[in-house]
Structure formats: C-alpha cells, structure tokens
Amino acid sequence: MHSPKPLAIALAGMLSLAVAMGIGRFAFTPLLPMMLHDGVINLPTASWLATANYLGYWLGAMACALQPWVWSRWPGLRPVVHTSAVRMGLVATVLLTCGMAWHWPVVWPLWRFLAGVISAVVFVYTSGWCLARLAALGAPRLSGIIFVGPGLGITVSGLAATAMVASGVTAATGWLAFGALAVVLTALAWPQLHGKVPATPPPAGPSGAASHGEVAVLALAYGLAGFGYIITATFLPVIARQALPGSVWLDLFWPLLGLGVAAGALLTIRLPVHWDRRHLLMGCYAMQACGVLMGVYLPSLLGFALGSLLIGLPFTAITLFAMQEVRRLRPHGASALIGLLTAVYGVGQIAGPPLVAWLLHHSASPAQGFAVSLQIAAGTLLIGVALYGWLVRRYPLH
C-alpha cells in the first residue's frame with residue numbers, strides 16, 4: 001500500500017468539511033431568500049428551522065465529547081473508526097440535503113436537526129483524524145487546508161444560488177442541486193477516507209499543563225464565537241435585501257463571505273507554530289466583531305462587502321486555532337475535548353436565531369430587530385476577546 005501523502009489527506013478533510021459544513025449546514029442561508037420568495041416559509045419559521053439545525057449540531061458534538069466515556073464503561077463496544085464515521089456522515093448529508101426538496105414542511109425541522117447532528121460528527125472526526133495524521137506525517141502546517149472546506153462549500157453554494165435566483169429556479173430545485181454537488185465532493189474525498197487515528201506526540205510549539213479552569217474558560221470563549229457570528233451567517237442575504245432593495249449585488253455577499261473563509265484558512269498555513277494561538281484568537285474575534293457591526297453602521301454595498309470579508313476571514317481560522325490549542329492542552333485523546341468545545345460552540349449558535357425571532361416580534365421594524373441582534377452579537381465577540389486576554393495573563397506559555 002502506498003504511504004499516505006499529507007496533501008491528499010488535507011484535501012480529503014477539506015472536501016469532507018465542504019460537504020458537511022458548507023452544504024449540510026450553510027446551504028440553508030443562500031436558499032432562504034428563495035424559500036421566502038416561493039412562500040413555503042416565513043422569517044419566524046426560518047429562525048426555528050435554523051435553531052433545529054443548531055440544536056442537532058450541539059447534540060452531535062455532545063455525543064462525540066461523551067463517546068470516549070461511554071466506551072470506557074462498556075469495553076465490549078467496537079472502537080469508533082474516524083473515517084468510517086465521516087463516510088457515513090457524508091452519505092447522510094447527501095440524503096438529508098435532497099430531502100429538503102420534498103415539499104413536506106412538517107418534516108423539515110427533523111431534516112435540519114439531523115443535518116446538524118451529522119455535520120458535528122463529521123466535523124469532529126474529520127478534524128481529529130486529519131490533524132493527527134498530518135502531525136504524524138510531519139506536516140502540521142497543512143492543517144489550514146482542511147478548514148478551507150467550509151469556505152469552499154459556502155462560496156460554491158452561494159454562487160450557485162445566485163445563478164438559480166437569476167434563472168427563476170425554485171428552492172426545491174436548489175436543494176436537489178446542492179445534493180448533487182455534495183455527491184460529487186463526497187466521491188472526490190472518498191478514496192482517502194481510510195485508516196485509524198495514529199498515536200502522536202504533542203504538537204510542535206509551546207505547551208503547558210492544562211488545568212480544568214483553563215479548559216473551561218477556553219470552552220466558554222469558543223462558545224461565544226458561535227453566538228457572535230451565527231446571526232449574520234443565518235440572515236445575511238435577508239438583512240442585505242432589506243437594506244439594499246433591488247441591488248444586483250445582493251446575492252454575492254454570501255459567496256464573498258465564503259471566499260473570505262477559504263482565504264483565511266489558507267493564510268493560517270504561513271503562521272509560525274510558536275505563536276500563542278490565544279493572541280491570534282483575540283485578533284480574529286475583534287475582526288469578526290467589526291464585520292458584524294458593518295451591517296448596522298454602514299448598511300451600504302461597501303459595508304456589506306467589507307463586513308462579509310471581515311466575518312469570513314477569521315471564521316475557520318478561529319476553529320483551527322482553537323483546535324490547535326486543544327491539541328496543546330490535550331495532546332492525547334483530543335477528539336473528546338474537540339467535541340466538548342464544538343458542543344459549547346453549538347449552544348451559542350442555538351441561542352442566536354430565537355433571539356432574532358423574539359427581537360423581530362418586539363421591534364418597530366425588521367431592520368431595527370436585526371440591528372439590535374447584530375449589536376448584541378458583536379458585544380459577545382468582544383467579551384470573548386477579554387476572556388482570551390485573561391487566559392494569556394493567567395496561564396502564560398512556558
């Protein structure tokens with residue numbers, strides 16, 4: 001058998017996350033205006049569909065976090081093979097995406113919930129497998145390529161949705177098209193998805209003993225990022241349409257955000273491994289907070305374009321830096337802690353859409369409701385900056 005090539009492993013991880021995250025989770029965002037136009041849902045219903053997806057994401061992440069403990073209580077259970085879980089998750093994502101084309105609104109919350117569960121499982125096990133394999137092969141710098149995946153999926157799905165809107169295609173056809181795209185990307189990733197997670201030494205760079213308090217604050221700070229970005233990530237096309245009615249550029253803000261996500265992930269490859277990831281996370285949170293506020297204080301073509309980039313550039317960089325911090329704190333058995341952080345992140349995401357629904361109901365106009373929501377989100381990100389600053393002071397690297 002040929003020895004695995006690090007770049008092939010990184011690309012397989014990238015394609016897996018493009019399917020599970022870029023399509024399985026975020027295809028809903030560019031298709032939401034089409035669903036609203038078709039009259040199959042309204043804004044409050046859209047908020048609850050998004051919440052169902054984020055609740056599923058949280059439960060999937062919790063299952064991954066608790067899996068090692070459950071398996072330790074029942075030694076007879078077969079070990080979880082990361083790549084097998086990823087393969088099953090990708091197949092399920094294809095089926096659930098196509099299922100949204102079936103006009104049976106009563107089951108849509110279930111499909112979105114299950115898509116959330118699957119996306120968390122694929123994210124946790126893809127991240128754990130790829131990071132460990134790349135570390136074992138001496139190529140940890142290629143980790144950033146993995147997290148290009150969500151940006152790739154967001155960009156392609158966003159551009160596809162733009163073309164479908166221009167062609168007058170229905171949302172149901174859009175869901176089927178994204179299902180077909182997921183099939184193609186899955187087929188490209190499939191040949192590399194084999195092998196178990198190897199035992200690896202601690203990652204290169206600074207390290208230190210992790211206390212429970214350090215892990216808890218890291219998890220809380222990471223969870224705040226989930227709330228800070230999710231309102232924009234769910235409602236960006238709708239917010240832009242209300243601020244710039246009739247603009248021909250409306251449908252390009254979402255793929256622009258996706259391009260920012262992909263570019264930000266690639267930029268992480270050039271960063272020295274000895275830099276403190278907590279400092280980098282502080283910068284990323286501050287950048288996203290500025291991007292979120294662009295939709296409030298500069299609701300113009302320039303403002304939405306700049307805001308999309310500022311939110312997108314640090315999006316998966318935040319995830320990568322947090323996962324690298326996890327591997328520093330827990331070099332052995334990192335998947336469980338990745339699952340915990342992903343679950344806390346999911347709690348932040350769950351809180352976002354219901355807050356928007358409540359504020360829309362109690363505001364004088366949708367624009368006012370969205371503005372208050374975005375201000376709260378930006379404030380949450382700034383609290384995250386303060387928490388990472390406290391971690392740096394309280395737990396300096398040795």
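Axes are lines fitted to C-alpha atoms, for helices over the stretch in contact, and angles run from 0 to 180 degrees between N-to-C directions. This is a predicted model, where local features need pLDDT of at least 70 and side-chain atom pairs count only at pLDDT 80 or more, while totals for chains, interfaces and linings use all residues. Residues are numbered from 1 along each chain as its sequence is written, and side-chain values use heavy atoms, leaving out hydrogens and water.

**Exercise 1.** Describe how H3 packs on H14.

*Solution.* Start with the axes: those of helix H3 (residues 43-73) and helix H14 (residues 334-362) come within 7 Å and cross at roughly 165°. H3 is therefore roughly antiparallel to H14 (angles over 145 degrees count as such). Next, look at the residues of this contact: 22 are nonpolar, six polar and no charged. Here Ala, Val, Leu, Ile, Met, Phe, Trp, Tyr, Cys and Pro count as nonpolar, Asp, Glu, Lys and Arg as charged, and the others, Gly among them, as polar.

**Exercise 2.** Now try H4 and H8.

*Solution.* Helix H4 (residues 82-99) and helix H8 (residues 171-189) have axes 8 Å apart, at an angle of about 165°. So H4 runs roughly antiparallel to H8. Then find the residues in contact (heavy atoms within 4.5 Å): Leu90, Val94, Thr97 and Cys98 of H4 meet residues of H8 including Trp175, Phe178 and Gly179. By class, this contact has eight nonpolar, three polar and no charged residues.

**Exercise 3.** What share of the 398 residues of the protein chain is buried?

*Solution.* Apply the cut-off, under 20% relative accessible area with a 1.4 Å probe, protein chains only. The share that counts as buried is 55%.

Note on methods:
Helix = DSSP H or I, 4+ residues; strand = E, 2+ residues; numbered from the N terminus. Parallel < 35°, antiparallel > 145°, perpendicular 65-115°, else oblique. Buried < 20%, exposed > 50% of the residue type's maximum accessible area, 1.4 Å probe, protein only.
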